[in-house]
Amino acid sequence: MVANSGRDVTTAVDILVVGAGTTGLSLALQAHDHGARIRVVERRPEPFRPSRALILHPRTLEVLRPLGVTDALLGLADTAPTAHLHLGSRVVETRLADLALPDTAFPHLSLMRQTDVETVLTQALADRGVTVERGTELITAREDGDSAVAVLRSRHGIEEIRCPFVVGCDGPASTVRACAGIGWHGRPYAEEVVLADLDLGGMSTRADAQVFAGRQGLLFLFPLGEQATWRLLATRASVAGAGQSFGQPGATVPEAELQRLLNDAGMKARIERLAWSARVPLQCSLARRFRRGRLFLAGDAAHNYSPATGQGMNAGIQDAVNLGWKLGFAAGSARGESADGLGADVLLDSYDRERRAAAHRRLILTHTAFWAEASTGRIPSWLRAVAAPRAAPAIPALLARRRLVAEAVRLVSQLRVNYRHSPLSVEGTPPLRGAPRPGDRLPDAAVSVGGPAQRLHGLLARPGVHLLLQRDAVPPPDTVAGPRVTVLRLMNSPGRGLVAVRPDGHVGFRCGAADPAGLTGWLSLIGAAAPPPDRP
């Protein structure tokens, strides 16, 4: 550190991550494992409680797998959840395990507290020598030529840090977004969520998740309480004049009101102990851009959704994994660890182009789902209270159609997301037929690399770019691929083609026969090409 106008100025950091929720922690891991020097700051002195998210999607587990954390996550998760859907007097059992998803290693929804996810990710960072600096608040951030400058405040005083990139993972009221001058458009919902941890009389402590549909909205009970047995989540009309900290737990909800919600849902259970409660105002909003110069936004700082379909934590983690490797490669190129990118701005701008488009589609999905499950308008109220109970006898037959359920999970969990229009999605010459298109997620499959069959995603479960050669393909010259590129030959895939897989599991480049120039150009574009021979 060197003195500068009464402040300490810190260097030797590539990325300052602001916010240590699941988005910030995932981004720090992804960027670190792709060569970046990381610093993570969090203004809260202690981890945030209570958990607001309770579900991990298959695609989220896929993108976290190369970071070596999925085993720890699955060890804390319920990967075979069962939910009982109460529709009037009818109860329908829904199993969310072993879905018809043969192209993923995680064919299930996983119930897991957000706090547990953060614990696993924080420990993974600590294992890499990165400690979350709690009680450290970002005061301001700005661009300054070829770097960003951020001012931090902690119990040690005021500090100025200069680094190539600052990423705001600091929630709906993002300081980074405000400093970047990025607009935020959307609107509040007329409905809000009520959260509570409670013990219930008349309910078995071993019961499965319960979902109650009624005129006033949905009520969920999950056996995942942090301070009591049950976590309650219910929707209701917003309480006027109670504050607008969107997405954040606010005022407590009296026990009598919670009991009334249970009674209105048709439950006979009574509250024996209320550990805590909170009302959560909601909004649907989207930042007008996810990048301005060297300042980036991810997760709730970039987009806000209703809780419908469980997008918040999952979308933030997938933002982080998309951006983290790009920042890591850009930082490595700047330090000379790979060939200088053909255009670092093309690589970094692709984050906004890819993830903002995906966020807009999710906004439409969650808004539609939330209207159906929470709106107190005439049509959705009638659908929940009248039409759904009448249709209940047909629901088991629908659920038995495993492919139909699987397609719904694909949509919700972003397994269908593609980046075909991204500048990083390149078709070589000649084109390769019969393989995922550039920009598509690479599906899992059984492959052979010279021995017994293995699962493809297991072979790719490490950081970096992977070049998949068909059986008779000409290997790329050793001088093309940088140190973060792994080459695999698939012996059970006839042909002379090649598929290049990005660190986030999407196809970036493909060609039907040897195309050294095309491959070199793509690797240079993303900052993963080998450095020139005269560069150490």
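**Pockets, strand pairing, salt bridges and cavities**

In the second largest pocket, the largest share of the lining, 3 residues, is contributed by strand β25 (residues 465-470). The structure is a predicted model, for which local features need pLDDT of at least 70 and side-chain atom pairs count only at pLDDT 80 or more, whereas totals for chains, interfaces and linings use all residues. Residues are numbered from 1 along each chain as its sequence is written, and side-chain values use heavy atoms, with hydrogens and water left out. Helices (H or I, at least four residues) and strands (E, at least two) are DSSP runs numbered from the N terminus.

Pockets and cavities were located on a 1 Å grid over the protein atoms alone: a cavity is a set of points where a 1.4 Å probe fits but cannot get out, a pocket is an open set with protein on both sides within 12 Å along at least five of seven lines, and lining residues have an atom within 4 Å of a point. Grid points are joined across faces, edges and corners, and a volume is the space filled by probe spheres set on the points. On this basis the second largest pocket has a volume of about 300 Å³, and of the 18 residues that line it, Ala435, Pro436, Leu490, Ser493 and Val499 are the closest to its centre. By class, its lining comprises 12 nonpolar, 4 polar and 2 charged residues, where Ala, Val, Leu, Ile, Met, Phe, Trp, Tyr, Cys and Pro count as nonpolar, Asp, Glu, Lys and Arg as charged, and the others, Gly among them, as polar.

Strand β25 also belongs to an open sheet of 5 strands with mixed pairing, in the order β22-β28-β27-β25-β26. Strands β22 (426-427) and β26 (485-490) stand at the edges with a single partner strand each, so one side of each is left without a neighbour in the sheet. Two strands are taken to pair if DSSP finds at least two bridges between them; β25 and strand β27 (residues 498-501) do so in the antiparallel sense, over 4 bridges. Within this pairing, Val501 in β27 is the bridge partner of His466.

Side chains of opposite charge can pair when their charged atoms come close. With a salt bridge defined as a side-chain nitrogen of Lys or Arg within 4 Å of a carboxyl oxygen of Asp or Glu, the structure holds 33 salt bridges. One of these joins Asp14 to Arg37, with the closest N and O atoms 3.0 Å apart. Asp14 lies in the loop between β2 (7-10) and β3 (15-18), and Arg37 in the loop between α1 and β4 (38-42), so the pair ties together parts that are 23 residues apart in sequence. Accessibility is classed as buried under 20% relative accessible area, exposed over 50% and partly exposed in between (1.4 Å probe, protein chains only). Asp14 accordingly counts as buried, at 2% relative accessibility, whereas Arg37, with a relative accessible area of 38%, is partly exposed. Helix α1 (residues 22-32) is itself mostly covered, with 10 of its 11 residues buried.

A further salt bridge is formed by the side chains of Arg441 and Asp103 (3.2 Å, N to O). This pair links distant parts of the chain, 338 residues apart, with Arg441 in the loop between β22 and β23 (446-447) and Asp103 in the loop between β7 (90-95) and β8 (110-111). Arg441 and Asp103 are buried, and they take part in a network of salt bridges that also includes Arg59, Glu62, Glu407, Arg410 and Arg416. The side chains of Lys326 and Glu354 likewise meet in a salt bridge (2.8 Å, N to O), which links helix α7 (residues 312-334), holding Lys326, to helix α8 (residues 344-374), holding Glu354, across 28 residues. Both Lys326 and Glu354 are buried.

The structure holds 2 cavities of 30 Å³ or more. In the largest cavity, which has about 200 Å³ of space, the closest to the centre among the 17 lining residues are Glu62, Pro66, His457, Leu460 and Gly505. Helix α2 (residues 58-64) supplies the largest share of this lining, 3 residues, and the lining of the largest cavity has 7 nonpolar, 4 polar and 6 charged residues. The second largest cavity has a volume of about 80 Å³, and its lining includes Arg59, Gln318, Val321, Asn322 and Arg355. Helix α7 gives the most to the lining of the second largest cavity, with 3 residues, and the residues of that lining divide into 4 nonpolar, 4 polar and 3 charged.
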